[in-house]
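Thanks for coming, everyone. I'll walk you through one model today, starting with how its chains meet. Take a look at it first.

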Amino acid sequence: MRETAYWTWFIIAAFVILIFAGLHMVVMHLSVLGVFNPEGGAVTNWGNVAFRSQNQFLAFTYIILLGAALYHGLYGLRTIVFELGPKKSFQDTFTVLLWIVGLVLFAIGTYSAIAAKSLELAL
Amino acid sequence: MEKGTNITVFIRRFDPEKDAAPRQQQYTLQVERGMTVLDGLHMIKQTQDPTINFRFSCRMGVCGSCGMMINGVPGLACNTQILDVTTTALTLAPLPNFNLIRDLVPDLVPMFGVIKGLQPYIQRSDVAEMENPTMEYFQTPHQLEEFLQFTYCIKCGSCMAACPTMATDKEYLGPAPITQAYRYNTDSRDDAGDARKDLVAASHGIFNCHYAGECSNVCPKGVDPARAIQLMKKDLVLRYFGLGKRKCAHLCKKPDKSLYKPKIEAAPFTVGK
Amino acid sequence: MANKQYDNHLGIFGWLGGGRWGVERYLYILHRVTGLGILLFFLIHIFASSMRMYGPETWTAAMAILKNPIFKLGEFFVFVAFAFHAVNGIRLILIELGLAVGKAEEPIYPYKSSLNNQRPLMVIAMVVVAILIIAGGYNTFFGSH
């Protein structure tokens, strides 16, 4: 059942990414629409970035997106590497390694999403 | 009488006793309309080079022996017309993604082993009935249609040769075995769905299919393994969420007495004894 | 059998095919390539975006480095990769959950397969990808960045 579980959550993560990264794309790359960019100008201006950091909804979406994207991407990498035919011992070690890398990156990313908010940076 | 077309035939040769790796050998062939690749091979073997090796049997597309690469695409030699493929150069090579025994002969035994490992036979929990049947199992034409397409597989190996995952992953089950597992799981008379699903959903199993679709493109019998594999993924996801259980086909009821015709009287005399 | 068999597996070249394969085979290759590309970008992106927690000065300095045209071009490529991967991914989800492959039917020559069933979906998906690429390109090269 384990591979079925991995794959099913991989598909669910894909849906999550579709929604939240889709929103991220609209915010960052369809700036003509001005979504979540109150200051105007470049989307990466500090004012716009600080606004998004303070916004609870967006912080939540960033964390969900981070988790889903890390899971989806690392599972995809695992599939591609496994199809190159490594030994069973390598497969087990690689899976554990990917879990560790994924969780560490998730921790880093979540901290940076929340820390910016708690540092109360002025708009 | 139509004049034949002169074509060049490149055949990949490999003699394990002499060659380190396969090499190509060139022949010319006079091709008439209607000549299949298998006919062409026989012609070359009889008139030019008796040392060529290739598998064949039924010569009518039902045994699956003559699978080979014909101008870069896997197919059956016996039901591919040469002039449909080319009018100038025909390149023949053994099916890739199998070990090569000799010339155009791949080693298909591992594929048969994988298919056998997925229990390609009806299994039921009522073992006594299975061993000593008393009655038919009830199955509607609709239930038959759900898996009929996948019974046409002749185990030729063309799908395995076309599959990109098979190219690198030697442990991958492959389109043909997974399709046969789905065929038996979907057969309403069978009850061993869970066992086969566990085997198919293992590592290097069904989830290493990514729908390149080449297996269905090259299948010479229209089995459409790609469809079977995706339908099986759906079944596996449903099982993961505890849904989609189905009941096994029951035995037909014996007709009760009222349906019997009234007793027919014996004839007044019989011829002979 | 004393004779040694020859390993006739195609290897990674088998992923790429031989030029006579169907469109779906190439979409599978592109999906892999874009996936790996996005993953690589994403791992760097986590660290780059985390610069926000060091305050406006560090952030603005980091963004100044990224204003370089080579990064803008790279960003466009990542957007293109994401657009393709996402839309093709939707198509693959519909297929791999058995919703776009059609029902099993008795094969009658000339054979049709699930590839025929999903072809309209594939065409629509590619058109959507093209539109997204044009929109993203307009935004990157002509928009207010």
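One term to begin: two residues are in contact if their C-beta atoms, placed from the backbone, lie within 7 Å. With that rule, 45 residues of chain B are in contact with 35 residues of chain C. Which element of chain B gives the most to that side? It is α11(B), with seven residues. Helices here are DSSP runs of H or I with at least four residues, strands are runs of E with at least two, and both are numbered from the N terminus. By class, this side of chain B has 23 nonpolar, eleven polar and eleven charged residues. Nonpolar covers Ala, Val, Leu, Ile, Met, Phe, Trp, Tyr, Cys and Pro; charged means Asp, Glu, Lys and Arg; the others, Gly among them, are polar.

Some housekeeping. This is a predicted model: local features need pLDDT of at least 70, side-chain atom pairs count only at pLDDT 80 or more, and totals for chains, interfaces and linings use all residues. Residues are numbered from 1 along each chain as its sequence is written, while chains are lettered from A and ligands numbered from 1 in the order in which they are written.

pLDDT is the predictor's confidence in each residue, from 0 to 100. Chain A averages 87. In chain A, helix α2 (residues 46-54) is lowest, at a mean of 80, and α3(A) is highest, at 94.

The contact takes 16 residues from domain 1 and twelve from domain 2. On the domain 1 side, β4(B) gives the largest share, four residues.

Next, the cores. A residue is buried if 20 or more other C-beta atoms lie within 10 Å of its own, exposed if 12 or fewer, and partly exposed in between, with C-beta atoms placed from the backbone. A nonpolar core joins buried Ala, Val, Leu, Ile, Met, Phe, Trp, Tyr and Cys residues through C-beta atoms within 7 Å. The largest core has 72 residues, and B:Leu92 is among those touching the most other members. Helix α11 (residues 225-240) of chain B gives the largest share, six residues. Both domains of chain B give residues to this core, so it lies between them.

Last, chain A. In α1(A), the buried residues include A:Trp7 and A:Phe20. Among their cover are α3 of chain A and α11 of chain B.

Key
Domains from an automatic or database assignment.
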